[in-house]
Amino acid sequence: MDINSPITELSGVGEKRAALYKKLNIFTVGDLLCHYPRSYIDYSSPVSIAESQLNEHSVIKARVIKKIPAARIRQGLVIYKVVVTDDSDNMTIVLYNNRFAYEALSEGEEYIFSGKVTGNLLRREMNTPIFIKASEPQKLRPVYSLTEGLTSNMVITNVTQALDSVDEIAFADHIPHFIRQKYSLAAFEYSLRNIHFPADSNIAEAAKKRLAFDELLTLQLGMFLMKSRSRTLTGCKMSGGGGLMKEFQSGLPFELTLAQVRASEEIIADMCRDYPMNRLVQGDVGSGKTAVAAAAALFAQKNGCQTALMAPTEILARQHYKTLTDLLAPHGVKVCCLTGSLTPKQRKVLGEQIANGEFDVITGTHALISGSTEFKRLGLVIMDEQHRFGVNQRARLAEKGENPHRLVMSATPIPRTLALIIYGDLDISVLDELPKGRRKIETFAVTDKLRSRACGFVKKQIDEGRQAYIVCPMIEEGESELVSAKGYAEKLAKGEFNGYTIGILHGKMSSQEKDEVMGRFKSGEIQLLVATTVVEVGVDVPNASVIMIENAERFGLSQLHQLRGRVGRGQYQSYCILVAGAVNDEIRERLKIMTETSDGFKISEYDLKLRGAGDFFGERQHGLPEMRIADAAADRELISKAQNAAKDIMEESPDLSKFPLLKSDIDRMFSSGAAEAL
Ligand code: ADP
Ligand code: MG
């Protein structure tokens, strides 16, 4: 059977089941083989009934001693009970409306059940367990993502048949032999068979690593290819960067950090080449990315080119407008701000001025890419907080110019190895240094018990004239963000913060509403801002001196670091209070890292170690093809391995012509169109 055969070639898969598979994006036999299990149920080490913990998930091996006749409780509800025993105790298995499972259990026969144990110390029950015969050799059962109507058993049956009947070629190893040897990789066929039906969890892990490696390698190679493929000339080649940094520095109220100077010089060098710059500036919160953008814009202006700087929100766009005006006005650079909130008339006037070249730097929101906006010699486009934008939006801004230079800025520090794989198509400048004289944000981690003292501390700051953020608990399942943020703010307004002016910010608000609230917070009218994580991006309110984060244990460290960066932006000593709703050793260790370190790069290294790469892949959102397995399985070691392998392969054959199988993997991964550079 061909891997490209439709899924209906498998026995038992008719139109109906094919439609279910379609919902999971599975169309061919090959797609099914790549539908890797989410996890496994381990039937290999059962506990005894007596030892099982109440209200916990357990795996129990027991013999059926009695099948109680079905009880029809009411229309549409039939309950089946089966009494089982091991040497330690009895337990009742309860099945709802599942005659099929009931009939599969025979008196006298031994099974292994997996499910939650309920009841009390005297009478134990397990409701709707999954089970296998104790005699079955396969003790690790895959758990697949499913859709209504499709069961794990169906998928298991279909995958089994597919593995048995596909052509040899399905198991061909796409990774050349010398790489497999050098990096001691498990064979592909072995991995593909064992990811579905592993004999034990070590084997499952090895299979997962190998398949994740394949994905990371393909991604890295794709990124390298994108970067090296022939580029079209830019219409805005620039020159004369020599004295620029000196001149820029002379107009500044502060001294640029070495990192800022280095990044600016890299940018200037890029813009003097024949083809467009494609560069990412990565820097911790407060590292001064805006000044680097300003230097680039000044250089563009000297070369008679316009710069467009696009920000994800109106507040940020206006903030940039103000900062860039301050930094660039001394050099005669004219800055304006184009957002959606202008009246049609204002918009028309400003639009004409921009098109006539009366402004050199145009900051703005999505309004910049609207059809009616025209530029005059747009030479440089800059995206702030790039992960908030989709690929299309970036491409559309670039289309407003003649293959202009592109700069993206990100405030999420990412470990170097990971940055190479996620942003491997871009050149990267790193701002790894904070401006001198920054005060460290004092960070405390406390448990729930100290919450009211923490609130007291926040109040004291507000009473001294400062402002505060409280990041509200993450949304419980089933509860909407709106309800949770609102309800929480109301609770605070009635309780600890009675009498203070409180504002709310959450993701379900329109961007206009959000901007309105942020505006009132910026102006000082709102004293306490209760927010969900939407507050994490880029906002600068120097008077805010304390942020309290509830349920801090549920956030990634990098995210906590971003949130913490909302304070400490002015002259005041600032504080971050992490309130943990639950505590264990791991949580304690993670929060301790936050209290000890303020270096975003170090923190993201820890995050990678503790949580894997998943969060980071999300950072580049729309820009990256979807990973099936890598984001769950990738760790630092695997990523470096894939990276080195990619370099070895490119060295052997820069256009990959020697490795057609790998080339086709890349084409497939990137064919969704998602990962078009920038
Ligand atoms: P981010 O990298 O988070 O975007 P910003 O560009 O908003 O940081 O800069 C944060 C603050 O630091 C701004 O108020 C800016 O004026 C200031 N700043 C930037 N560079 C320096 C520097 N070299 N020395 C002192 N202050 C600086
Ligand atoms: Mg910024």
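The points that follow cover the basis of the model, a sheet and its strands, a ligand site and some single residues.

1. Basis. This is a predicted model, in which local features need pLDDT of at least 70 and side-chain atom pairs count only at pLDDT 80 or more, while totals for chains, interfaces and linings use all residues. Residues are numbered from 1 along each chain as its sequence is written, chains are lettered from A and ligands numbered from 1 in the order in which they are written, and side-chain values use heavy atoms, with hydrogens and water left out.

2. Seven strands, in the order 11-12-10-13-14-9-15, form an open sheet with parallel pairing. Strands here are DSSP runs of E of at least two residues, and helices are runs of H or I of at least four, numbered from the N terminus; two strands pair if DSSP finds at least two bridges between them. The edges are strand 11 (335-338) and strand 15 (427-431), each of which pairs on one side only. From one strand to the next the twist averages 20°, where axes are lines fitted to C-alpha atoms and angles run from 0 to 180 degrees between N-to-C directions.

3. Strand 10. Strand 10 runs parallel to strand 13 (residues 378-384), joined by 5 bridges, and parallel to strand 12 (residues 361-364), joined by 4 bridges. M310 has M383 as its bridge partner in strand 13 and stands opposite G364 in strand 12.

4. Strands 9 and 14. Strand 9 (residues 278-283) pairs with strand 14 (residues 405-410) in the parallel sense over 5 bridges, and Q282 stands opposite S410. H405 also belongs to strand 14. Is H405 buried or exposed? H405 is buried, because its relative accessible area is 0%. Its side chain reaches the backbone oxygen of M271 at 3.5 Å.

5. The ligand site. Ligand 1 is surrounded by 15 residues, the closest being E255, G286, K289, T290 and R438; a residue is near a molecule if one of its heavy atoms lies within 4 Å of it. Polar contacts are pairs of N or O atoms within 3.5 Å. A nitrogen atom of ligand 1 lies 2.8 Å from a polar backbone atom of E255, and an oxygen atom lies 2.7 Å from a polar backbone atom of G286. K289 places a polar side-chain atom 2.8 Å from an oxygen atom of ligand 1. The protein buries 77% of the 570 Å² that ligand 1 exposes when taken alone.

6. Strand 18. Strand 18 (residues 502-505) has a covered face, G503 and L505, and an uncovered face, I502 and I504. Strand 18 pairs with strand 19 (residues 528-531) in the parallel sense over 4 bridges, and L505 stands opposite A531.

7. Helix 20. S604 is located in helix 20 (residues 600-611) and counts as buried because its relative accessibility is 0%. S604 and E464 are 140 residues apart in sequence and 34 Å apart in space, C-alpha to C-alpha.

Definitions and conventions: A polar contact is a pair of N or O atoms within 3.5 Å; within protein, one must be able to donate a hydrogen and the other to accept it, and residues adjacent in sequence count only if both atoms are side-chain atoms. Accessible areas come from the Shrake-Rupley method with a 1.4 Å probe; for residues, only the protein chains shown count as cover. Buried means under 20% relative accessible area, exposed over 50%, partly exposed in between (1.4 Å probe, protein chains only).
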